[in-house]
Amino acid sequence: MAGFDEFVRTRSTGLLRIAFLLTGDRHTAEDLVQDVLEQMYVKWRRIEGMPEAYARRALVNRSTNRWRRRARRAETPLEDDHTLVGPVLPDHGDDVVIRTAVVGALRELPARQRAAVVLRYLEDLPVTEVAAALGCTAGTVRSNTARGLDRLRRVLDVLPEGVER
Amino acid sequence: MTDTDIRQALTRATDHLESPPDLLDRVRAGGRRRVVRRRTLIGGGLAVGAAGVAGAVVAGRGRDLPVITRGDLAGNTELLKRIRKTWQEMAGPGDARILWAGSTPAGPVALVAQEMQPSFDALGFVDSDGDQLRTTGSSFHVPYGTVPPGAMLAGPDRDVLVVTTAGRRVEFSPGYRFDAAGHVQRTFTELTADENDMVVHRFTPSDGVVRIALREPAGEIPLANLHSVVDTAAADNQIPERINRDLPGWERAGRATVDGWDIVTMPAYGDPYGYHVWTGPTEWHLRAATPDGRRLVVQTVALDGTARVFWMHGQPTPHYLGLLEDGLSTETPAGVTVLHARLPEKLGVAVAALDCTFRYRTRSVDWLPVSGPAALLPDAAAELEVNPARGQRAVVPLP
């Protein structure tokens with residue numbers, strides 16, 4: 001399982017960042033990543049050749065479930081302050097503003113648009129790999145990305161003056 | 001704003017995050033264990049059972065005290081040995097404590113705990129698949145020596161419910177229905193636990209869908225093997241897409257908050273104690289305005305493969321139209337599902353379909369164009385022409 005250990009060491013922060021943008025909540029994101037990694041640990045022999053793809057797909061699927069369950073069960077609402085809990089690194093004020101805006105804008109997107117935007121623009125993945133993660137066609141990825149980006153642009157374009165983008 | 005700007009914004013929004021330093025340890029220790037959210041643990045959501053099985057272990061640090069296995073199979077040492085071996089294939093080496101082993105219509109079932117991290121147990125079930133024993137594939141992360149309420153569906157048909165009640169009143173609902181308002185309606189009856197605080201209850205399963213629910217005074221009861229029961233891998237691939245569409249007029253329709261105009265945020269329309277497969281047709285959330293300037297929302301809400309259709313007008317008070325398949329949608333020969341919800345009070349007809357363009361006509365006027373894949377048509381609309389991006393054109397009557 002040395003390969004698994006290496007995967008966790010090198011990729012868990014990247015996965016956490018994806019999960020954060022997919023869920024809008026740091027604690028949920030940490031739970032989600034641990035959840036997915038535990039699932040991968042058990043299946044490692046079968047997925048060793050494609051752990052990244054497996055992890056991305058599992059993150060997307062499970063984050064969608066969690067978002068939906070949260071909404072249906074009316075658990076703790078996703079307050080803005082809640083999304084900002086506990087940064088572990090020193091934070092610049094502009095980053096907080098941008099983070100709040102990005103999380104808020106992503107929260108408004110349908111799950112697949114959100115995932116398409118995050119995987120295309122945070123992970124810089126090609127359309128085909130995003131399609132594999134979402135289980136849809138490249139055309140659907142393009143349309144979802146375009147819609148999601150449109151929304152994101154509208155939000156980020158109106159950030160207060162003085163915020164360095 | 002360029003694509004590069006977007007990339008930078010997403011990067012800056014996540015730059016503060018680093019994975020926890022002990023993540024690898026936690027993952028390795030956990031194996032396939034599902035982790036109950038830490039905040040639930042901290043909040044005391046998992047209490048110590050006062051009697052029965054929970055009394056078989058001592059809360060706190062009483063590791064050197066003998067563990068008593070309860071249940072009618074507690075004396076079957078050969079079975080206990082097999083249970084322990086099966087459990088440890090999932091949980092890894094350690095001191096597996098079999099708290100209960102009993103006969104059920106689905107064969108032997110056991111409740112097992114094992115300390116996985118300092119002060120925490122993995123708690124889960126082992127059941128039977130023919131002659132073979134198997135774990136639930138996941139377990140609960142609980143304070144050492146505690147047994148909160150939990151459940152599993154045992155047997156090849158997953159029709160035997162096994163519950164540890166922790167001495168609490170646990171209620172069971174075999175299924176649900178939608179009432180005239182579109183609420184999920186359930187009837188709960190109390191389960192009778194034995195002297196070990198265990199319940200074995202056989203019920204009639206629904207094909208491919210888990211319709212049961214369990215509750216106790218403190219809230220939900222986790223189902224240890226829900227993911228394997230509903231085949232999460234397949235279900236995940238069918239999570240419906242939600243399409244939010246703001247139609248002309250919505251943004252001008254008043255300055256009041258838009259909070260509340262979304263059914264999925266309304267607890268009354270959820271099913272807090274049920275276990276579901278999150279599948280179903282595409283969900284639509286169409287926001288529009290009527291000519292008098294009042295807001296109008298038409299929304300479909302998927303659950304277990306179907307979808308309820310609601311509308312709200314003027315106030316965010318949902319009105320239920322029915323299930324999507326009950327005259328509120330049509331599947332075209334090209335396989336496109338077209339939502340067509342005719343609203344009361346002559347408010348119009350909400351139409352939507354993925355990757356399609358539309359035209360409509362009334363009884364007296366020929367085809368008129370429609371902008372976008374979703375629209376609110378006038379009440380006089382009688383037919384809808386659907387032109388999918390791929391596939392055959394179809395004309396759908398608008399009943």
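**View 1. A:Arg11 pairs with A:Glu123.** At 18% relative accessibility, A:Arg11 counts as buried (buried: under 20% relative accessible area; exposed: over 50%; partly exposed: in between; 1.4 Å probe, protein chains only). The model is predicted: local features need pLDDT of at least 70, side-chain atom pairs count only at pLDDT 80 or more, and totals for chains, interfaces and linings use all residues. Residues are numbered from 1 along each chain as its sequence is written, chains are lettered from A and ligands numbered from 1 in the order in which they are written, and side-chain values use heavy atoms, without hydrogens and water. A:Arg11 forms a salt bridge with A:Glu123, with the closest N and O atoms 3.0 Å apart (salt bridge: a side-chain nitrogen of Lys or Arg within 4 Å of a carboxyl oxygen of Asp or Glu). A:Arg11 sits in helix α1 of chain A and A:Glu123 in the loop between α6 (111–121) and α7 of chain A, so the pair ties together parts 112 residues apart in sequence. Helices (H or I, at least four residues) and strands (E, at least two) are DSSP runs, numbered from the N terminus.

**View 2. B:Asp159 meets B:Arg202.** Their side chains form a salt bridge (3.3 Å, N to O). This pair links distant parts of the chain, 43 residues apart. B:Asp159 belongs to the loop between β6 (150–154) and β7 (160–164) of chain B, and B:Arg202 to strand β12 (residues 198–202) of chain B. B:Asp159 is buried, at 9% relative accessibility.

**View 3. B:Arg215 meets B:Glu171.** The two side chains form a salt bridge (2.6 Å, N to O). B:Arg215 is in strand β13 of chain B and B:Glu171 in strand β8 (residues 171–173) of chain B, so the pair ties together parts 44 residues apart in sequence. B:Arg215 is partly exposed, with a relative accessible area of 27%. B:Glu171 counts as buried at 12% relative accessibility. Elsewhere, salt bridges with shared partners join A:Arg11, A:Glu52, A:Arg56, A:Glu123 and A:Glu129 into one network. Over all chains, the count comes to 29 salt bridges.

**View 4. Four strands of chain B make an open sheet.** The order is β11-β8-β13-β14, with antiparallel pairing (strands pair if DSSP finds at least two bridges between them). β11 (189–190) and β14 (219–220) of chain B stand at the edges with a single partner strand each, so one side of each is left without a neighbour in the sheet. Strand β13 (residues 213–216) of chain B is joined to β14(B) by two bridges, and the two run antiparallel. B:Arg215 has B:Glu220 of β14(B) as its bridge partner.

View 5. B:Leu79, B:Leu80, B:Ile83, B:Thr86, B:Trp87, B:Met90 and B:Ala91 of α4(B) are buried. Just after the helix, B:Gly92 takes a positive phi of about 90 degrees.

**View 6. Helix α7(A) is lined on one face by buried residues.** In this helix (residues 127–134), A:Val127, A:Val130, A:Ala131, A:Ala133 and A:Leu134 are buried. Seen down the axis, the buried residues of α7(A) fall within an arc of 160 degrees, so they line one face. A:Gly135 follows α7(A), with a positive phi near 65 degrees.

**View 7. The largest nonpolar core holds 56 residues.** A:Leu21, A:Leu37, A:Met40, A:Leu59, A:Val102, A:Leu106 and B:Leu10 touch the most other members (nonpolar core: buried Ala, Val, Leu, Ile, Met, Phe, Trp, Tyr and Cys joined through side-chain atoms within 4.5 Å). Helix α1 (residues 2–23) of chain A gives the largest share of this core, 10 residues. Another core, of 20 residues, lies apart from it and has B:Leu247, B:Ala307, B:Leu339 and B:Ala374 among its members.

**View 8. B:Thr165 is buried in a loop of chain B.** The loop runs between β7 and β8. The relative accessible area of B:Thr165 is 2%. Leaving aside neighbours within four places in sequence, B:Thr165 is in contact with B:Pro149, B:Val170, B:Ala193, B:Asp197 and B:Val199 (contact: heavy atoms within 4.5 Å). The C-alpha atoms of B:Thr165 and B:Val147 are separated by 8.6 Å.

Notes:
Arc of directions from axis to C-beta.
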